[in-house]
Amino acid sequence: MLNKQGRPTGNEAAANAGNTGFQSYTGAKGLDQPELLIYEIGNTNHTGVDLPEVEDFETRLGGLERDQEIGLAGLSEPEAMRHYTRLSRKNYAIDMGLYPLGSCTMKHNPRLNEKVARFAGLSDIHPLQPISTVQGALDVIDTLAHWLKTLTGMPAVTMSPKAGAHGELCGLMAIRAALAAKGDERSIVLTPESAHGTNPATAALCGYKVKAIPATTEGRVDLEAMKEALGPDVAAIMVTNPNTCGLFEREILEMADAVHAVGGYFYCDGANFNAIVGKVRPGDLGVDAMHINLHKTFSTPHGGGGPGAGPVVLSEALAPFAPIPYVLAGDDAFDIVEHDVEGGQSFGRMTAFHGQMGMFTRALAYMMSHGSDGLARVAEDSVLNANYVLASLKDVMSASFDGPCMHEALFDDRFLKDTGVSTLDFAKAMIDEGYHPMTMYFPLVVHGAMLIEPTESESKQSVDQFIGMMRHLVKAAKDGELERFSGAPYNAPLKRLDETAAARDPILRWQAPE
Amino acid sequence: MTIYYSEDHEWVNVTDKTGTVGISEYAQKALGDIVFVELPEVGDEFSKGDEVAVVESVKAASEIYSLVSGEITEVNGELETNASLVNSSAEEDGWFFKIEISDDSELDDLMDADGYKKFIAGLE
């Protein structure tokens with residue numbers, strides 16, 4: 001006999017439901033669930049675990065016992081788990097879509113890296129273990145160091161800096177130590193106008209005065225202006241190549257020669273190494289120090305997804321001043337050198353231990369799975385993708401500079417003139433389209449900058465979708481759909497935030513709801 | 001009482017030897033919503049060109065350089081709790097500090113109100 005009790009499966013059922021736009025009891029919109037702060041979910045009178053009451057307890061804290069409740073909410077494990085999982089669903093991640101944040105190289109983090117990083121011999125170890133028991137880990141560090149030196153054409157590398165800016169600090173401290181060793185203390189560091197903000201900040205932290213070098217109308221460092229600013233008091237120049245306009249500094253050899261001629265050093269910011277890895281060796285450009293963001297070029301997770309790592313390659317001139325500790329490959333075994341050799345010139349120690357081990361294993365896994373030929377393809381494809389974006393958008397958006405770009409495409413806000421839409425509004429409207437916005441208002445050398453870096457991870461289909469979305473928004477802006485931009489985002493978990501109120505009247509501590 | 005302007009969009013209003021200093025209407029508009037002003041302390045001495053204050057908006061942080069040499073005699077404490085005063089009244093209530101001018105001739109490098117008006121017209 002025919003069973004007529006089963007559930008309906010066709011569209012007919014959905015069509016008959018016909019109920020739209022109602023307010024749900026929970027506030028959820030289907031799988032999009034609202035989330036309270038963790039303090040508001042739990043209750044300070046509850047505990048997530050059942051422990052037996054302690055009887056006959058005698059304190060040994062000698063009067064230092066806490067005399068008030070600690071005030072933390074007690075949550076059960078599933079409550080805590082669900083809280084963070086729900087929050088993570090409101091976040092944007094490279095695992096969800098194209099992440100065009102210029103100068104950040106938000107590329108895919110291959111799962112092979114994660115597998116390797118979880119090998120027990122590499123993850124379940126401690127920096128204070130006997131050296132004989134971590135030979136494999138030291139081998140990883142040494143092999144990675146070898147790859148970094150080979151790819152950059154530099155004779156030495158220090159692995160301990162924990163991020164890009166930390167690497168800059170390491171490089172400038174080595175430069176300062178090298179100058180001090182010659183009795184030639186200097187006071188000025190030159191940075192181009194388009195520099196990452198960390199460059200002048202690092203120089204200032206090292207006690208140097210910072211002088212900005214203007215850019216040419218082509219978006220590159222003004223070599224003549226740099227030569228004029230160079231003198232016997234200049235300790236170093238800090239130059240990013242390719243620069244933050246996404247352009248290769250063609251006169252980099254002349255810059256290196258000019259700073260060396262006055263006895264200064266050349267610090268290269270390696271943030272944009274992804275564009276030239278396997279193609280150009282910074283050592284051949286006259287660089288004295290350069291940090292390498294393993295979390296950009298070499299695909300380790302970052303931006304809320306994990307820590308950075310910023311090893312610094314050093315020239316022959318700076319190598320003696322590198323910080324401790326470092327790995328030494330002996331004939332039979334690896335060792336960690338914790339103290340400088342007698343009469344050594346190391347400027348000291350930057351970190352307690354030996355850098356970000358978890359990032360080292362991931363970066364090396366990435367390098368070895370690509371091979372040197374594969375890494376060159378990374379650079380090629382990242383430049384190809386960026387130029388595809390540039391070529392596909394420059395008829396409707398305003399490209400800041402003529403000609404092709406490297407790994408990122410720079411636009412300014414001239415195309416939005418008279419639309420009433422700002423770069424900020426445009427970026428917010430991208431959130432409604434399901435994208436993380438590009439880098440905006442940086443670099444400072446163009447007005448209302450939009451810096452787009454698709455990276456090599458994206459397929460043509462993915463980049464086409466992004467381009468289509470951008471063209472659609474440009475058309476909407478030019479057609480006068482102002483509201484769509486001025487109030488955006490509309491579809492995000494939180495609407496447009498009041499940045500002014502947040503800065504003027506910040507609430508820095510959780511307050512219980514009334 | 002004479003008002004002078006600099007190319008960095010600061011103004012100084014001079015009465016006898018005392019100059020009242022702030023940022024121009026043009027500057028407050030360019031900076032956008034101002035959220036914080038860091039002021040010098042009364043008694044601090046500055047030379048012309050020294051960094052004397054910092055103004056921070058939602059867009060950017062900018063240093064204020066001293067237009068003249070001298071000693072700070074008064075600061076606008078109102079700005080510490082209400083930085084938005086600079087937005088609503090940049091050239092009057094939103095003044096930053098008063099300085100005892102040690103060298104009048106330093107004012108010669110500055111523009112008068114008409115000169116500044118022409119200067120900003122040239123920027124647009």
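**View 1. Helices α11 and α13 of chain A make a right-handed crossing.** A crossing counts as right-handed if the near helix is turned clockwise from the far one by less than a right angle, and left-handed if anticlockwise. This is a predicted model, in which local features need pLDDT of at least 70 and side-chain atom pairs count only at pLDDT 80 or more, while totals for chains, interfaces and linings use all residues. Residues are numbered from 1 along each chain as its sequence is written, with chains lettered from A and ligands numbered from 1 in the order in which they are written.

The axes of α11(A), residues 357-393, and α13(A), residues 460-478, come within 10 Å and cross at roughly 30 degrees. That angle is why the pair counts as roughly parallel (under 35 degrees; over 145 is roughly antiparallel, 65 to 115 roughly perpendicular, the rest oblique). Axes here are lines fitted to C-alpha atoms, for helices over the stretch in contact, with angles from 0 to 180 degrees between N-to-C directions. Helices are DSSP runs of H or I with at least four residues, and strands are runs of E with at least two, numbered from the N terminus.

**View 2. Who touches whom between α11(A) and α13(A).** From α11(A) come A:Asn385, A:Tyr388, A:Val389, A:Ser392 and A:Leu393, and from α13(A) come A:Val463, A:Ile467 and A:Met470. Contact means C-beta atoms, placed from the backbone, within 7 Å. The tally for this contact is six nonpolar, two polar and no charged residues (nonpolar: Ala, Val, Leu, Ile, Met, Phe, Trp, Tyr, Cys and Pro; charged: Asp, Glu, Lys and Arg; polar: the others, Gly among them).

**View 3. Strands β1 and β2 of chain B form a hairpin.** Four bridges join β1(B), residues 2-5, to β2(B), residues 10-15, and the two run antiparallel; pairing takes at least two DSSP bridges. Look for B:Tyr5 opposite B:Trp11. Four residues sit between the strands, and B:His9 in the turn has a positive phi of about 65 degrees.

**View 4. β2(B) also makes a hairpin with β3(B).** Two residues separate the strands here, and B:Asp16 in the turn has a positive phi of about 55 degrees.

**View 5. A:Ala73 in its loop between α2 and α3 of chain A.** A:Ala73 counts as partly exposed because it has 18 C-beta neighbours inside 10 Å (20 or more is buried, 12 or fewer exposed). Its contacts include A:Ile38, A:Tyr39 and A:Thr44, leaving out residues up to four places away in sequence.

How values were computed
Two residues are in contact if their C-beta atoms, placed from the backbone, lie within 7 Å.
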